[in-house]
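Subject: Handing over the structure

Dear colleague,

I am passing this structure on to you, and I would be glad if you looked through it alongside the notes below.

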Amino acid sequence: MQKGYWTAGVDIGSEITQVSYMTDGMTEPETLETLFATEENLSYLKDCLLAIPGLTVPADISSIDLVLSDFTLERAEEVERACIELGIEEDAIHLQGREEACIYFALNQERNLWNNDVVFFDFSRDGCVYRSLHVQRGSTSITAELTVEKLDEMNYEKPSDETFLRLAKERLDRRLISAVYLIGEGFFGEDWDKQSLPYLCNRRRVFKGLNLYTRAASYAAYDRIHARAFDQVQLLCKNRLRASVILPVKVKGERRLLYLAKAGMSWYEARALIEAIPDALSEIELVLRSLKGEEKTEIISLESFPKRERRMTRLEIRLAFINDRHGVIFVRDLGFGSMEKASDVCVRKDILIE
């Protein structure tokens with residue numbers, strides 16, 4: 001097939017990696033029956049991708065989303081680097097956590113399955129996690145907010161129907177729930193949920209499966225190059241920014257707001273690099289604006305920079321995030337062409353999003 005027709009979704013779990021894919025003409029992802037053991041050496045991803053029928057080289061994949069069970073900066077960089085080494089273009093690679101995957105999956109189902117709230121129970125050797133999705137539809141956009149709770153009382157080795165029923169009732173009673181998704185091997189094998197399953201199925205659609213995350217990633221990868229429907233969806237969950245980072249600037253004497261990062265963006269993809277010529281070299285003002293419109297001002301002192309005349313310094317301003325609550329801004333002195341040589345001065349400011 002020609003380049004541009006392949007999209008892939010990969011769920012990199014702590015023990016098992018799954019792959020789903022879509023090609024032109026498909027409306028639903030296909031999940032490979034083969035399960036791959038997750039290895040520390042990420043070169044195994046090549047075998048995972050080449051198991052897709054008809055795909056001869058990973059470089060032919062035009063969009064790939066990878067779900068990380070452990071979404072840290074170090075892990076994300078390792079996975080992205082491994083994909084680039086396989087020949088996949090950097091712009092085609094996107095990473096997400098399991099919270100984001102739940103949203104992508106839910107919103108790709110029939111609308112009657114997310115008209116009301118949607119809940120997910122993920123039960124595996126890593127523990128039991130409860131997630132609740134609330135979708136708010138506006139005139140031009142959708143806000144999807146997902147909350148997470150670890151259910152430590154559930155024991156994978158000895159699952160308790162009585163305990164799970166109680167936990168489910170505490171979270172689902174007196175709520176309008178459109179769909180319930182039971183994810184993970186903890187819900188398969190031993191038939192232990194004889195009371196809790198009928199309770200969940202009462203006036204709710206209940207689905208059980210093992211490949212929700214990889215299918216979700218495949219939906220997201222396909223959407224990026226075809227429908228772009230998720231451009232109109234604001235995801236509010238772990239791994240997404242809860243505040244915008246704004247740099248007030250003046251253009252022809254008029255104050256304007258330059259967004260370095262916007263609320264709802266993936267923290268890993270929220271990167272900015274700009275150059276600016278300040279009117280006065282003393283400080284830079286940043287504004288953090290929450291989703292509710294609350295604002296907080298952060299000041300970056302430039303007192304350590306060489307003293308120069310007004311508008312005779314060029315600055316490089318770089319923003320990146322360590323996680324969804326911790327950003328870092330670097331401001332570097334670039335001098336001013338041949339008139340003012342650049343110094344080695346660079347200041348760092350940590351931005352903490354509460």
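What follows is an account of what was found, going from the whole chain to some of its parts.

Please bear in mind from the start that this is a predicted model. The protein chain has 6 helices and 20 strands, and its C-alpha atoms fill a box of roughly 75 × 50 × 40 Å when the box is taken along the principal axes. Of the 354 residues in the protein chain, 49% are buried, and among the contacts with a separation of 6 or more, 64% are accounted for by residues 24 or more positions apart.

E7 pairs with strand E10 in the parallel sense over 6 bridges, and the bridge partner of Asp117 in E10 is Ile177. With strand E8, E7 pairs in the antiparallel sense over 7 bridges; here Phe121 has Tyr130 of E8 as its bridge partner, and a hairpin of 2 residues joins E7 to E8.

These strands also meet helix H4 (residues 161-172), whose buried residues pack against E7, E8 (127-137), strand E9 (142-150), E10 (177-183) and helix H5 (196-200). The buried residues of H4 are Asp161, Thr163, Phe164, Leu165, Leu167, Ala168, Arg171 and Leu172. At 1.5 Å a residue, the 12 residues of H4 should span 16 Å, and this agrees with its end C-alpha atoms, which are 16 Å apart. After H4 comes Arg174, whose phi is positive, near 60°.

Turning to a pair of helices, the axes of H3 (residues 98-107) and H6 (residues 212-225) come within 8 Å and cross at roughly 70°, which makes H3 roughly perpendicular to H6. On the H3 side the contact is made by Arg98, Ala101, Cys102, Tyr104 and Phe105, and on the H6 side by Leu212, Tyr213, Arg215, Ala216, Tyr219, Ala220 and Arg224. Sorted by class, the contact of H3 with H6 has 9 nonpolar residues, 3 charged residues and no polar ones.

There is also an open sheet of 4 strands, in the order E15-E18-E19-E20, in which the pairing is antiparallel. Strand E15 (272-276) and strand E20 (346-352) stand at the edges with a single partner strand each, so one side of each is left without a neighbour in the sheet. Neighbouring strands of this sheet are turned by 20° against each other on average, direction ignored. E15 is joined to E18 (residues 315-323) by 5 bridges, the two running antiparallel, and Leu273 stands opposite Arg318 in E18.

Ala243 counts as buried because its relative accessible area is 5%, under the cut-off of 20%. Leaving aside its neighbours within four places in sequence, Ala243 is in contact with Lys262, Ala263, Arg289, Ser290 and Ile353. Ala243 and Val287, which are 44 residues apart in sequence, are 9.7 Å apart in space, C-alpha to C-alpha.

How values were computed: Residues numbered from 1 in each chain as written. Predicted model: local features only at pLDDT ≥ 70, side-chain atom pairs only at ≥ 80, totals over all residues. Heavy atoms only, no water. Axes fitted to C-alpha atoms, helices over the stretch in contact; angles between N-to-C directions. Parallel < 35°, antiparallel > 145°, perpendicular 65-115°, else oblique. Contact = heavy atoms within 4.5 Å. Nonpolar A, V, L, I, M, F, W, Y, C, P; charged D, E, K, R; others polar. Expected span 1.5 Å × (residues − 1). Buried < 20%, exposed > 50% of the residue type's maximum accessible area, 1.4 Å probe, protein only. Pairing = 2+ DSSP bridges.
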